[in-house]
Amino acid sequence: MRPESNDGAVVAHGGPQNGYAIYLQGGKPRFAVRSDNALGEIGADAALAAGWTHLAATVDLDRTMKLYVNGELAAEDKAPALLAENPKQPLDIGADSGSAVAEYESPFAYRGLIDEVRVYHAALTAAEIKARAEDPSADPGTAPAVASAFTGGKAESAVQGGAKGEAANTERVPGKLGDALKFAGMPNAGKGKGKGKGSANANKKPGDAGKSSFQVEMNWAEDVPLFPQGMALAGDTIFIAGAPDLIDEEETFARITRRDESVDALLAQQDAALRGEQGSILMAVSKADSEEKGRLQLPTLPVWDGMAAANGKLFVAGKDGKVYCLGE
């Protein structure tokens, strides 16, 4: 890889429940592992030098995380656990376009060149990693699960039966050995919510690769425990109201794929909440930094966009046919 910025996800697979990521932060490479929501991270002390860099990261069966820079060990520590299960979110290269694996804001897009990416379902030894850093044709003897050299500018794995993805907002350029992808990056779109355009994704459908799109760089973005249906601004306070959000989507999806029938009760409870059977949550947050100022329970859902603030009072039009006036 040859970065052109100090921050961005180089490789990310999974999300805040289970996954792993290699990324840059402040010019320094870092490696993160998530297992059942627990996060383990290690990072190099020094920023990368200019030019091409070989990055590698491993997790051994004893949970030892290791990060290598140009074949040399740069950081080491214990992961909280091995991955509890295969990550549900797809493999991203050059961004983390779903819910973030580590403590950065998705899509955390990388800007620069990436020549080749390999993923192994076994930890290579220090000697094997050093050999590949010095000679990329060196065979470690372990077959990779994913191997993409971006030949022809394509984001697909050379492994038989491997994934074929989409390279979006990237450019095919000469690499250190053969072809490389140049990732354009993009402004961060908010914590855990962004959809990166400057990335190669193994599960995306073919689209407008290489086309730019209008992006808005947010001052902040924050998850809230409700589905907003009404919102009003009064001074430096934002009021939000909607049905309670009772489900961790990633965890629930994982339980569904495991055919866990106990999740049906939770889904029914969320469905009832969306129908208004639990009323709604009204939250007040700071316009400047999203800090919560307070919340209360309303007996009904608000009608869509049915909130207004005037003369120090907040008015909420409810689906029960009533208008609620709140304030001193």
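The legends below describe close-up views of a predicted model. Residues are numbered from 1 along each chain as its sequence is written. In this predicted model, local features need pLDDT of at least 70 and side-chain atom pairs count only at pLDDT 80 or more, while totals for chains, interfaces and linings use all residues; side-chain values use heavy atoms, with hydrogens and water left out.

View 1. Helices (H or I, at least four residues) and strands (E, at least two) are DSSP runs, numbered from the N terminus. Of the 328 residues, 44% count as buried, where buried means under 20% relative accessible area, exposed over 50% and partly exposed in between, with a 1.4 Å probe and protein chains only. Contact means heavy atoms within 4.5 Å. Among contacts between residues at least 6 apart in sequence, 56% join residues at least 24 apart. The accessible surface of the chain is about 17,000 Å², and 50% of this belongs to carbon and sulfur atoms. Accessible areas come from the Shrake-Rupley method with a 1.4 Å probe; for residues, only the protein chains shown count as cover.

**View 2. Strand β2 (residues 8-14) is paired with β3 and with β9.** Two strands pair if DSSP finds at least two bridges between them. β2 and β3 (residues 19-25) are antiparallel, with 6 bridges, and form a hairpin with 4 residues between them. Glycine 8 of this pair stands opposite leucine 24 in β3. The pairing of β2 with β9 (residues 91-93) is also antiparallel and has 3 bridges; here valine 11 stands opposite isoleucine 93. Because 7 of the 7 residues of β2 are buried, the strand is largely enclosed by the rest of the structure.

**View 3. The largest nonpolar core has 28 residues.** A nonpolar core is a set of buried Ala, Val, Leu, Ile, Met, Phe, Trp, Tyr and Cys residues joined through side-chain atoms within 4.5 Å. Met1, Val10, Phe31, Tyr110 and Ile114 touch the most other members. At least two residues of this core come from each of β2, β3, β4 (28-35), β7 (64-69), β9, β11 (117-119) and β15. Beyond its neighbours within four places in sequence, valine 10 has contacts that include Met1, Ile22, Leu24, Ile93, Tyr110 and Ile114.

**View 4. Strands β14 (residues 170-174) and β15 (residues 179-183) are an antiparallel pair with 5 bridges.** A hairpin of 4 residues joins β14 to β15. Arginine 172 has leucine 181 in β15 as its bridge partner.

**View 5. Four strands make an open sheet in the order β17-β18-β19-β20.** The pairing is antiparallel. β17 (226-234) and β20 (292-298) are the edge strands, each pairing on one side only. On average, neighbouring strands of this sheet are turned by 20° against each other, direction ignored. Axes are lines fitted to C-alpha atoms, for helices over the stretch in contact, and angles run from 0 to 180 degrees between N-to-C directions. β19 (residues 280-286) is joined to β20 by 6 bridges, and alanine 284 stands opposite glycine 294 in β20. Helix α3 (residues 263-274) packs on the sheet, touching β17 and β18 (237-244), and its direction makes about 125° with that of β18.

**View 6. Buried residues of helix α2 (residues 249-257) pack against α3.** These buried residues are Glu250, Thr252, Ala254 and Arg255. After α2 comes arginine 259, whose phi is positive, near 60°.
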